[in-house]
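Here's a quick look at a two-chain model, one piece at a time. Have the sequence and the coordinates handy as you read.

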Amino acid sequence: MAREQDYLSKCFSQYYAKWQPPISSVESREFGFGNWQTKIAFRHLSFPNASALCARLLRDAPPYVSYSAAYYEFPDARPMPSKNWKGADLIFDLDAPMHSCGKFTCQQCFDAIKNETIKLIEDFLVPDFGLSKKEMIVNFSGSRGYHVHVRSESVRGLRREERKEIIEYINASSVSVKALLHDDSAFISHEGRRVKVPKFYGPLSTDGGWRGKVARRFVQLLKEKRLQELGIGRKKAQELYERQAEAERTLCTRVKRMDGSACADWTKLGLEKGYGKMFEALVENTKVAISTDTDSNVTFDTSKLLRLPDSIHGGSGFAARLANDAGHTLFGAATPALEKFEPHVHAPVFSDEALKVKIVEPVPSLPLRDGGMSQAHAKEEILEVPQYLGIYLMCKGAALLA
Amino acid sequence: MDAFYSHYPFLDGAKSLVGSLEGAYTQDEIMDKAQERLKMAVVEGEVRLMGAQLARMLELDLLSYAASRMVVAASKNKALCARVASAEAKRALHYLQHEDEGRLLFIAHEIGLGLQKGENGNFSLAFFDYLRFKPKEEGFKLSAKPIAGGVVAISRADADRFVQEAARMKMDVLLPVQDVKFTPEILAIAKEMAGLLPKTLMQVGNIAQGDFPPCICRIIEDMRNGEHIGHQARWALGVYLVRSGMKMEDILAIYASSPQYNEGTTKYQLEYLRQKEYSMPSCATMDAYGIAQQDCPCLVGGERRGTPITNSRRRTSISYEKSKTEKTDGAAAEKE
């Protein structure tokens, strides 16, 4: 693998020859470089300005480059408290869960995690927290997901517990279904029998916070004919699709419960039973899938380093390209907004020149930069591929130089 | 004198009023009141409201607050500061609940809380203010509140709690007193108050605090009293608590009682201990450090045996005040 690593280092160095860091306050950030064995082999690095950082990347071409969301007075000081923390951006790290596609992340996984990232921004960060997209940068992680960096002054001083509260709001770990749905069902006597009269009150689609969120999500799934994702049977779902306008009106009509609180009468949707399970599914469908694992979550542990946007990811040879509405350009080519970002198309930054490689493990059919698909390849095959694809396969450990 | 600053003595406007009362009362009168006020705060967790509204009573009440702040500063004891701040904030809540909206908003803005008048008798807070001043109870979780456009709508009752919490945070800061020479009287009251701090029991993984060996108990007690804790004691305490399975936030809470506490440094060092999986030093080593205590079951026939962890299984003869939630079934100690 030494020959391949040399080749890759030369390619990465050429990439950094024309590169500029898309981050602010380089002099206040801590940096970390990785090698082929570990993503962060050295940290506590700092640079007085962007030029110094670029010069170092050109010289060393590390397979992995990370930086701190935090701003420090002395970013290269050790131990951590000596750096004198001055604040941090608010970071969200979304990764596609492991799937049968394994290390060759498939389009389905990429699409799913992109949708989660869009949901984070459009359903939470902007409408709930009042953050502006102009204060955010979004980049492909270089591997299986996206990073969202919120750089507004208002988030800089957030403490650990406050960042954790934000995550728990977004991933619904602090949401209680019992607080959203009220079962006011009662029993009455009818013809000598006890009959249950169901009565379920829930959020209005005009409510703020999670209440309104789940109600609006229900309306969205209703419009998109996806109610079966909530465990609603096909027949009942079809009835609701036919009564869509009436259902939407029900969820924005205020009724008062006995305690005086204003709700929507969800009983009128006619689901009869299973409201509790349906609401649990609705919360799952509405939340953003972000872990609260304290060992890995960069959102509330601001001492952690994360991939430097637009740097090369040594595990794929992809660049952690920016993808946002600001239309950041690199090498004269504009990167698309997140909705249109496709990792296999927009993340490879090397040429189409032919490169001869030998396949060392089976490779599935992969998306190409021009929108087409490559063929699948078996072990021992020797073939010519576009340089960017060859670099991808080498970084995945699936090919060697031939 | 208007009762306003007696009710909310933590407001900046109270300072000039205190200054104007200089010489109006004797030092003894003020310090007696301050001592009484502090004792209520530390022992009962609340400062009782004043019934009378006579000018003299209000003035002395205000001066006793100022004096109590000096006593807390002299103690350099963070746990004492936190306890008193919490008690004073509880007192303030009683008055806040009866204030008109205008006064509530004035008080909020004076202490840096951006509370705004909302609709239908409600109030609103900017999202980041909500996070910063949020009370710790479950009912204040962000997910339970109507938030839209970066603004959280809250009820009047919630608004009162936020102002209380903002007041508590304002008071939970030790005044900088490096160059101040305190009188022996102030220092004596400070020591007395620190000694009255409740010693609550916690469940530490599988080891209840009642099962802590004497050496560990002594380190924690010294820490709470603001005594200097040597590096070896601090390290041994960290290893003990980490190996006991205690949650990091609970361990930090113990260290936070030290006036020298620095969260970043402590957390970094504890994480390092946890990752390196250091073993607990033996009781013989603790003795060599000068940390072991005489009344410990590890001392058998003049020899120290075992480690603080293994000796946690045996109850010592030292009794501690029990919290209301103490479990008495005797949890098993962790195996080494």
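## Around B:Arg37

B:Arg37 sits in helix α3 of chain B, residues 27-44 (helices are DSSP runs of H or I with at least four residues, strands are E runs of at least two, numbered from the N terminus). This is a predicted model, where local features need pLDDT of at least 70, side-chain atom pairs count only at pLDDT 80 or more, and totals for chains, interfaces and linings use all residues. Residues are numbered from 1 along each chain as its sequence is written, and chains are lettered from A and ligands numbered from 1 in the order in which they are written.

Is B:Arg37 buried or exposed? B:Arg37 is buried because 22 other C-beta atoms lie within 10 Å; the cut-off for buried is 20 or more, exposed means 12 or fewer, and partly exposed is in between, with C-beta atoms placed from the backbone. Leaving out residues up to four places away in sequence, B:Arg37 touches B:Val47, B:Ser64, B:Tyr65 and B:Ser68 (contact means C-beta atoms, placed from the backbone, within 7 Å). B:Gly245 is 208 residues from B:Arg37 in sequence and 38 Å away in space, C-alpha to C-alpha.

## Chain B overall

Chain B has 14 helices and 8 strands. Of its 336 residues, 39% count as buried. Among contacts in chain B with a separation of 6 or more, 77% come from residues 24 or more positions apart.

## Where chain B meets chain A

Here, 20 residues of chain B are in contact with 21 residues of chain A. On the chain B side, α7(B) gives the largest share, 4 residues.

Key
Two residues are in contact if their C-beta atoms, placed from the backbone, lie within 7 Å.
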